[in-house]
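This report describes a few local features of one protein model. Look at the sequence and the 3D structure first, then read on.

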Amino acid sequence: MIPGADEYDIDLAFDEPTVAELLEVGPEDVEPAGELTFAKNVFVPLTTACRYTCTYCTYFDPPGEASLLSPEEVREILETGADAGCTEALFTFGDDPDDRYDRIHGQLEEWGHDSIHTYLREVCEIALDVGLLPHSNPGDQTREQMAAVADVNASMGVMLETTADVDAHAGPRRKSPGQRLDTLRTAGELGVPFTTGLLVGIGEAWRDRAESLLAIRDLHERYGHVQEVIVQNVVPNERSTFERPSVETMRRTVAMARHCLPAEVSVQVPPNLSPTRELLDCGVDDLGGVSPITDDHINPDYEWPALRELEAIADEAGVPLRERLPVYRRYLPESLGGDGGEEWVPERIRRAIEAETPAGERYRAVLGR
């Protein structure tokens with residue numbers, strides 16, 4: 001039983017033969033991808049506050065120390081990203097930060113917001129005004145919270161991490177896999193193109209990895225909204241006692257993901273954290289959002305690779321490297337150069353891509369239009 005599944009009415013069933021079959025999958029059972037894709041983004045850590053205290057995370061600051069970027073600071077970061085040719089504004093913050101941090105809540109109230117989500121909407125609108133497509137990753141969300149910002153986002157995401165109850169999520173405010181899956185389901189119900197993924201090496205077992213992948217597959221088969229699944233290894237840092245998983249562990253996990261997921265769902269590994277070259281023959285086809293100007297604020301000790309390094313990775317694999325938008329082509333209607341329906345792209349995002357502006361031209365160039 002997935003922890004929290006009953007509370008959130010998560011109806012997922014994994015029959016033993018399916019789990020056993022997936023556990024037998026290895027790199028020899030999958031084929032390398034025919035191309036690699038990436039998005040060019042600017043990373044905006046909206047606040048370092050988080051209601052959780054996961055033992056592997058260096059992103060959050062304790063109450064009294066956490067910061068919140070002002071609209072002026074956000075605009076400056078976004079303008080720098082647009083000037084550098086980025087197409088994606090990646091907004092991140094911890095789960096419900098104004099729930100635990102009085103100072104953050106007070107600052108939001110001073111700026112005229114009753115929650116971090118109404119503020120997120122404001123900065124997403126700034127991103128669209130500057131010429132970037134928002135991709136927000138604000139952790140667990142209720143239906144009301146996600147609906148409040150979905151129409152100003154090209155895509156959204158949250159890492160499932162694992163369906164297991166692991167000590168890495170210890171503390172009085174434990175992450176609940178059931179709540180994570182509820183957020184993933186909510187995105188499907190609202191028709192939001194979504195990114196999720198596994199965090200490997202935080203105390204989960206092989207069966208947990210298999211069940212996590214099967215849970216993602218089940219929800220995607222219901223709603224069709226999962227555009228990519230990240231397979232990310234935990235990395236050593238000042239708060240973490242976890243060892244980086246071996247290359248063999250990552251190869252097997254990536255192969256399981258590729259075998260389990262439908263062909264249209266991309267399998268992504270972050271090139272600043274993973275042994276990427278050793279994983280390409282296991283079915284990886286995406287290298288995620290890579291920033292030419294900002295740090296990976298979630299993993300600050302691990303720099304983004306330069307574009308030329310991504311090109312070298314693709315050359316070594318003998319496949320082309322293609323830039324993409326934060327929303328995958330299959331979710332875009334034919335009128336925007338995609339091969340999907342009209343229902344996936346909010347009107348605000350559609351207008352941004354169609355606009356006769358430098359940003360619109362940049363988006364369409366990425367789409368090959």
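Strand 1 (residues 36-47) and strand 8 run parallel and are joined by three bridges. One partner pair can be named: threonine 37 is bridged to aspartate 286 in strand 8. The model is a predicted one.

Is strand 8 enclosed or open to the outside? Strand 8 covers residues 286-290, and five of the five are buried, so the strand is largely enclosed by the rest of the structure.

| Pocket | Volume | Lining residues by class |
|---|---|---|
| Largest | about 230 Å³ | two nonpolar, two polar, eight charged |

The lining of the second largest pocket has among its residues Met1, Ile2, Pro3, Phe14 and Glu211.

A further residue to look at is aspartate 140. Where does aspartate 140 lie? Its place is the loop between strand 3 (133-137) and helix 6 (143-149). Aspartate 140 has a relative accessible area of 3%; buried means under 20%, so aspartate 140 counts as buried. The side chain of aspartate 140 makes a polar contact of 3.1 Å with the side chain of arginine 180. Apart from neighbours within four places in sequence, the residues in contact with aspartate 140 include Tyr52, Asp95, Val158 and Arg180.

Note on methods:
Residues are numbered from 1 along each chain as its sequence is written. This is a predicted model: local features need pLDDT of at least 70, side-chain atom pairs count only at pLDDT 80 or more; totals for chains, interfaces and linings use all residues. Side-chain values use heavy atoms; hydrogens and water are left out. Buried means under 20% relative accessible area, exposed over 50%, partly exposed in between (1.4 Å probe, protein chains only). Helices (H or I, at least four residues) and strands (E, at least two) are DSSP runs, numbered from the N terminus. Two strands pair if DSSP finds at least two bridges between them. On a 1 Å grid over the protein atoms alone, a cavity is a set of points where a 1.4 Å probe fits but cannot get out, and a pocket is an open set with protein on both sides within 12 Å along at least five of seven lines; lining residues have an atom within 4 Å of a point. Grid points are joined across faces, edges and corners, and a volume is the space filled by probe spheres set on the points. Ala, Val, Leu, Ile, Met, Phe, Trp, Tyr, Cys and Pro count as nonpolar, Asp, Glu, Lys and Arg as charged, and the others, Gly among them, as polar. A polar contact is a pair of N or O atoms within 3.5 Å; within protein, one must be able to donate a hydrogen and the other to accept it, and residues adjacent in sequence count only if both atoms are side-chain atoms. Contact means heavy atoms within 4.5 Å.
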